Structure formats: structure tokens, C-alpha cells
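Please look over the sequence and the model first, and then read the points below.

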Amino acid sequence: MPQRYDAVVIGGGHNGLVSAAYLARAGLRTLVLERRHVLGGAAVTEEIVPGFRFSVASYVVSLLRPEIIRDLDLPGHGLRILPLDGTFTPLDDDYLWRTDDHAHTMREIRRWNAADAEAYSEYGMLMVEMARFIKPILGITPLDPRRPDPRDGAPLGSLLRAFSQLPQRQQTAFVQLMTMSAADFLDQWFQTQPLKGTMSASGIIGTYQGVRSPGTAYVLLHHYMGEIDGAFRAWGIPKGGTGGVSESIASSARAFGAEIRTEAPVARILVKDGRATGVVLESGEEIEATSVLASTDAKVTFLDLLEPGTLEPETEASIRRFRFRGSSGKVNLALDGLPDFTCLPGVGEHLRGAISFSPSLDYMEQAYDDAKAGRFSRRPYIDMIIPTLVDPRMAPPGKHIISCFVQYAPYHLAEGTWDDQREAFGDAVIDTIAERAPNIRSLIVGRQVLTPLDIERTMGLTEGNIFQGELSLEQLFLNRPAPGWARFRTPVRDLWLCGSSAHPGGGIMGAPGRIAAFELLRTKGRAA
Amino acid sequence: MSMATVTQLPVPRRWDAIVVGGGHNGLVCAAYLARAGLRTIVLEARDAVGGALATHELVPGARVPVWAHTVGRLRGSIARDLGLAANGLRLVQPQARVTSLLPDGPALTLWADEAATRREIGRLSAADADAWPAFDARVRAIASVISRLAALTPPDPTGAVTRDAAGLQGVAGLLRLGLHVRGMAEADMRDLTRVLPQSIADFLEDHLASEQLRAMLAVRGVRFTSMGPHSAGTAQVFLSDTAGTDAGAAGETVYVRGGPGALAAALASAARRSGAEIRTSSAVTAIRATDAGVSGVVLASGEELLAPIVVSGLDPKRTLMELIDPEVLGPRLGWQAGNLRLGGVTAKLDLALAELPRFRGLPDADATLRLRGRLVVAPSIRYLDVAHDAAKYGRISDQPWLEATIPSLVDPLLVDGAAASGVRHVMSVIVQSAPYALREGSWDEARETLAARAMAVLESVAPGIGTLVVAREVVTPPDLERDLGMTGGHPLHGEPSLDQWFAWRPMLGAARYRLPVPGLYLCASGAHPGGGVTGIPGRNAAREVVADHHRA
């Protein structure tokens, strides 16, 4: 006798858990099904080297919506976010080191270029204004251009009104952010190469685009929209790794009455008369549900979990056009001690924040040129953090871990396979670090290299794209994941999309999971 | 200052409108203004009108296009309004639209005749031959929307809701346009928001499989732009190239009999017949303006002309940064104008040839027929990408992509008097990428490097062409800036990228042909809908000028 739920959520990543928590809170009998033995999807903590616990994939948090933290009482369920202060950009014989101490950062940039220091303050204020202005978009459902619904139109209308009331300089900046390349945008403001190189990095994270590709300024802004305790642009690391975020959401969901099962891979979504009626697990077990929510990406959901032929050919073609193109990898290192940078020797505060290998715009763009040719960057962009300096219990006493986000690592290689090139990719990362911190090699006691293929296999993210689909202009808002299907609803009735393939996209934000739950509840006439 | 100096200057004359620059858009604008009854004068710095449309003599008796070598995007309604045929314009449209030449394989020609095109593509890929009609129809459908957009004055989003009724109407008009385009499949309509910001490489990959076919089409998404085939927004550049023509996916190939300069002559004739005055060799050095508005212009000779309306046919950066007093502009507009992106990456190579070269991969039977279209050397998307990569770092491409025409095949009059020079044909070659701002060295040295690299690419598809060259010239981006006044050597008066598009071309708050100084207008490629020989910015600007003039 199959069991019956009001809602079944496929995938226990952070978005799936957020959806489940909201649905359970509204009184729906809700079940989450996770394929792996751990919850969290890409926001997961695992002990890969004995004694060392890694935020295996996703490693910092900033974008998590404050209303989710509040609504689900995540601090009450154990969420602690530890601040990550500053960004250190090492060069051969110099560095650029920005911190939260404004006066220090001003002095530091002035050391490079006085005009840039001037511009930096103004730029920072402008970006905060921009983020404040655009943030409401993260909370709304894209309207349906064919059948405009006044309820959807209202927030958009107020956004338009707000736009017309912005000072013109901000209006211009907004249009530029929506259309320009990160490099062109920054070139308007700054001269200093390490500053531009490092700032441009936010524009390309997770995308198969270069800093000179139009559209990357939006991704730059996307990463400005985070806030921690009301402080914009603040980044932190969850205590216990990013798995800590997922666990707190799971705990909240359970408290609201949701059931969560791990090691319960879904084989297929059941569809009867054009309506989703439940799921069947790989074990053969059938679970019935009034609504099915998929936090899996658009490809997995529509092309793998639905019986072929369920979608109209035209809709299926449209889904197939949704582009993933994973471009990043992850290298996690277990260390005996701390890296020592030639340009600023010793153990200092500069190691406590982000360490960015991004000396210039050209360096960033050349890394992309490699990717376009179908090979990993010989000298990649690396965003490195040493979480054990902030959260020492992630490693045995005196030991450290380093988490390196690496770009570019294109999913599609021109030659060979990722299984053959995994270690070479890891070596390129170590080589790049060793150029600035030569002692790194002697410190390594364990390493984990995650290629886009590994991310696909382990996390189920198609082509290893960390955002469940590229954050390019044509795949945002109305078109995410496909024109006409941007409203969390899918061509199959009672099947909903609640992961990062839906608006507003990826990052540990939780927004798709939250809005999808609200849309479902609204449709069912339930109060959220 | 002596009394004599003062009295030497003529008494300033008054006009209703002064058009600065006699390029094709300036002439179109002046013709429409004069037809609306405005006393209008066009001031052209060079000794002939036409700007980038000019034709010039490479060797005695052999003439080549100075820049634009085809004119198929000229809007038909403008040609009719202005009676260009009656003013001497003759257009020639060959059966072959475009031929992709390879160093090591058969050429591929797209024809005016769809059945012929399909047969040809079928030799390369049966799937693409099957996909072609639907793809072509889709391109036409989307291009028709873009074509309607092109005819509009964009709304002003800076005050769309609260401040500007015109802006609101513009938005309403757009919505109507967007929601009710007749004859367009709903799926196409829905896809519009996805296609416009797409890269041309992705757009083509969604429909076609063959690399040679994709690359020869992708050229039109990146031509004259500082973007690569993977740059967002290049699909829109490609579709705009098709908008308003009957060319479809293959693209237009239309020649002017007598060379493109003959189109400039027809436009000038039409403008004069409408009542506009045209003065050449009259370089404007300043536009007189205060916060209250413009009052006229100053010529290099020191002469002043007065008018309450000044319409600039120059690029927006030059107009604002060089001709307007910076104090009137103010720091914010100065910053905005200073950051307009006008870095040209396109050069041109013109050749006078002793005879028609032999190209690889062309069937003997109809080789000359195929050579009448545009000739593209761009074997793959990757090739286009690599050519663009060099420009990102301020270098000339090792292997530039080329788009050539041999206009003398279509119009033998171009070489009519060149027998004595030993010239039977002329060839006009667009060469990309060749960035205006070189990181190393100067263009004086780089000129020969560029020519050598372009010739090497030509040799690879036409072995022995080098031995046929009687004369050649290279037009570099700095030449474009010096000779035709285009800032940064950008032939489109600014990147046609998404950040300088539609309601923010050339910049936000100035997209309705009105620059932010009262009485100052922009009527050329820096304004919506951008560059190319369409005449639309000129006509749209004239419409706005006349509306304001009647309101005043």
C-alpha cells in the first residue's frame, strides 16, 4: 500500500529543504527524498581526510535570504555564521589587501592609485544602492508575458516606479550592470589591475564566461546582494562548514513536521493524465503525493526523471537548450601548517579572509581563453580560504584545511577525460599557489580534487554547474529555465521546480525554494 | 584685435536646423527636415559628402568603396520617400548572397533562391538542409520585430512611469508590439527575450550543426564589433543585420551601381531637391551652447552659423566631448560620454587586381557567379573566437577573419578606365580583428603587418592572389578616425553591444535622438537603431526634431 503525502520534495539540497520547511509550516504533510547518505546537496560538510572536515563544494555563505533565516528560525536550529574578513590578492612581490576596516582599505588602495581609492568609496556605495534596488526581484515570481496576472505585475510595476525615481547615475549603472562585461564596468572606475582583477572575479564565478564577456556585470551584482546581519556584501563561513546551513534548515523542517529520508534516490516522477501523482524510488517503492517539487536541476527533472515523451517536443527542445556548461572545480587540502606568502610572509590577519589569485584582468581573461579552447586554465583563478583560522574544530589541533574554488575547469574537454586529467588539474592549482606561497607543497597531507564531472556525479548537478544552469542574461528571470516556464510551475501539472534552475538562480540563497513553496501554497489557497 | 579681422567675417546666417556631418544619416535627416519645411544646411568637413559611403580611386580608372561595400540594409521606405531612384540610384543584387571559402575544402554558397541554398547546404549536412527553412523563417520573424523596433523612437525608461508621458506611451507601444506581432508563432515570440541577449554562437548552435555554415553566418554577429562569437548580445547584432531586408538568414548583398558613393550622391541630390543646402569643406569646430540650449556652430574658418537646432551626424563621443563646452556638459554627462565604448577593431584592405584570382573549392562551372556575393573566410566559430581573442589584448589577429567583395564583377564600370593601369578587378576586404588601441608598437608599423596577415589568409583560399596585386591600400582604425572622423575608428559610432542598445543608445537618458543639451540632436549610427547603411537613425531623428520644432 503506497504512502500518500501532500508534497514530496525531490532532493535534500538547501533549496529542497527550504521548500519543505515552508510547506510543512503551512501544514502540508511533506516528505523530502535525498539520494545520498548526507543532506545538503552542494552545501555539505564531509570528512574526506580523517580528522579534517571539508565544505566539499559550496564553502562560503552570503546570499542566504535573511527572511528565510528569520522565518525558519535557523539560529534556533544551530546556524552560526562566522565572519570572513577581507580579501588578500597576492602578487609576485606585492599584494593588495582589502579588509572591512575602511580606513585600512583606503590606505591600501591609495598605495596603488590615489584616484582609485577615491572611486572605491563611491563605487561601493553605488553597488550597495544597486543591490538594495534590485533585491526585491529575488523575492518575486517572474510574470507570464502571455497571461499577465495583476498580482505578478504589481511588484514589477513598483520596481519600474522605483527605477524612474533613482538618480540618473544609478539608473545608468543599473543598465550597465544588466548588460556589460565585468571588465568594461570596472574599467570605468579603476586603474589598479589587482583591484580590477579581484573585483571582476565575482562576475565570472560559476559561469562559462570571461571577465570581458557581456553579461558578467550582472553576476558581479548577484554576488553583491548578500547580507549577513544586515551588512551588505558580507561573506561568512557557516560554523561546521556549509553542511551546517543544510542541517539547520533540515532541523527546522523536521520541527515543522516534515519527514526527511536519505539514501532514497528517486527513479521517476509518476505522471497520470498530465498530472504528477508521486514518485517511484530506485528501490521500486512508490510514494503518492498531491504535489511533487523537484529541487533537482532542469535537465535531471525534465529529461531524466520524467518518462520520455511526457513533454511536448517543443517544450522538451526548449529545455534541452538550457545551458549548464560547468566551468569550475574545487580543490580541498588538508595541511600540516599554514601557507607562507612570499609577498607578505608570516601568519597574519591576511590569511583569515579570502585569498584571491587574480592579479589582473588579463590574467582572468587568459584563464577563460584556456577554457574556451576546452582545457582547464594553466594558471587558474583561485578563491582560497582557510576555514580553520575561523573555525578551528574543522581540523585536528594545529592542522589546517584550505578550500580552493577554481576556475576555469570546463566540463567539456577538447581532449581526454576528466578522469584522466583530475590530478593534472589539481597540480595546476598547487603550482599556481606555490608561485606565491612556496611552502604549500610541503604542508599537504591530503587533497581532494573535484572536477565538474565529479560535481555532476556526486552532487547530481548537470555538467557540474554550481548554479544548476548558467547565470547568463538569456537564462534569467522570464527565461529561467525556459521561456514560458519561469514561474516554478512546469508543463506537468502539480510538478514544481524549486531549485536553482528556477528564478532567481544559484548560490546558497534559498530564494527559489522559498518562492516555489509560496507559489504552490497560493495556488492551493493555503496561507503560507 | 584689429577692426579688419572683425569685418572680414560674414554676418552669421540663420537657419532652422544645422546638420553637422554629411554622412548618409546626416543627408537623410536633412532631406526629411527640408521636406518638413525647415531651412536646413548640412556641413561636411571633407570635400565630398557620403562619409563611409564614399567611393574612391585606388589607381587611375579603378574605384573601390572607401568602407561600406554593400548597402542592402538601406530601408526601402526611405529610398521611396526620398525618391532615390529618380535621383540616380541603381541597386544590383546578385544571385549569390555569400560564399564561405576554405583553404582545404569545398566552398559553400548561400543563394537568393532558397531551394538552391538548401541543395548546397545538403551537400554538407542533410540535417542542416532540413533545418534551414525553419531556421530562416525564425530569423525572418524575429528580424521583423527588430525591424519594427528600429522604426520607433525608444521610450525613456529614466522617467517611464512618473515623469514622461511619451515614455509611458513608448512602453505601451512596445507591449502592444511585443504581444501582437502578427504571423509570429507564439513560441518565437516567447523566445525573443531569450534570443536577443544570446551569443550568436549559441543561437546558431540551437539550430544548425555544420561548422562552416555556422561560422559564415556568425560573421554578421561580430562584424565591426569588439565582441567574439560567444559574447552575449551578438545574436541581436546578427538579427539586426537582417532586419528590414528581404535577406533572411543568409544576409543581404546589394551593390550600388557606380560604387557606394553613388548612393551618397543620390541622397545629396534628394536633400537638395527637398530644399536643403549642403556645404562641403566646412568642418565644424564647435557647437555653440549654453545651459539654455544650442545657438549655432563655428566653422574651422571662424565663420559662425546660427540655428536653434543642431543635429549631429557625428559620433556621440566626438559630438559631446569635442564640440560642446565641457562646462555646459557638466561632470556627470562628461563621465557618461567619456565612457562610451567606441574602440574599433576592424580594418580594410583594398586591392586592385590584374585579373580575377582563382579560389579554392569553387566549381569551375559557376565560380564567377558565386564570387559576386560576399566572400567570407571564417572556417569555424573557433576561428572567429581566436581572431577576437587577440583584440582583447590589444594585438592584431595572427589569422584575421575576412569578408570580401569583388564589386567589379557586378559593376564593370568601376574598372572601366583602368586597362592602362593593368587592372581588371577591384576587391574590398573587411579584416578583423585589428584593434584601434595597440598594446605594443604603433599603427604606422602595424599597417604592413596587418596587410601581410590578411594577404596570407587570402593566399590560403586564393593561391597566387599576391602576384595579381597591382595596387593596394590598408585602412586602419586610426585612419577611420582621422579621415572619417569616427572616434576610436569605430565604424558603427559605438559598440552595438547590449549596454549601448535601444533605450540606452548611445546612453541612458539620450536615446530619443535628443542629446542632453536643449536643441542638440543625434541623427547617426550612435543613435538607435545603430550602425549600418539603413538611414533609419537619420529619419527617426528628423521625426523627433520636427515634432519638437512644431511644439516650440
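In this predicted model, the area buried between domain 1 of chain A and domain 3 of chain A is about 2,100 Å², and carbon and sulfur atoms give 65% of that area. The domain assignment divides chain A into domain 1 (3–82 + 240–323 + 471–523), domain 2 (96–228) and domain 3 (324–459).

**Contact between domains 1 and 3**

- Taken over C-alpha atoms, the centres of domain 1 of chain A and domain 3 of chain A are separated by 29 Å, and the contact takes 26 residues from domain 1 and 27 residues from domain 3.

**The domain 1 side**

- On the side of domain 1 of chain A that touches domain 3, the elements giving two or more residues are β3 (45–49), β4 (52–55) and α11 (298–304) of chain A, and the largest share, four residues, comes from β4(A).
- Sorted by class, this side of domain 1 of chain A has 13 nonpolar, seven polar and six charged residues.

**Aromatic pairs**

- Over all chains the count comes to 25 aromatic pairs, and one of them is formed by Tyr22(A) and Phe518(A), which is edge-to-face with 5.1 Å centre to centre and 85° between the planes.
- Tyr22(A) lies in helix α1 (residues 14–25) of chain A and Phe518(A) in helix α17 (residues 511–523) of chain A, so this pair ties together parts that are 496 residues apart in sequence.

Notes. Residues are numbered from 1 along each chain as its sequence is written. Chains are lettered from A and ligands numbered from 1 in the order in which they are written. This is a predicted model: local features need pLDDT of at least 70, side-chain atom pairs count only at pLDDT 80 or more; totals for chains, interfaces and linings use all residues. Side-chain values use heavy atoms; hydrogens and water are left out. Domain bounds come from an automatic or database domain assignment. Contact means heavy atoms within 4.5 Å. Buried area is the accessible area (1.4 Å probe) that two parts lose on being put together, summed over both. Ala, Val, Leu, Ile, Met, Phe, Trp, Tyr, Cys and Pro count as nonpolar, Asp, Glu, Lys and Arg as charged, and the others, Gly among them, as polar. Rings of Phe, Tyr and Trp (its six-membered ring) pair if their centres lie within 6.5 Å; planes under 30 degrees apart count as stacked, over 60 as edge-to-face and the rest as tilted.
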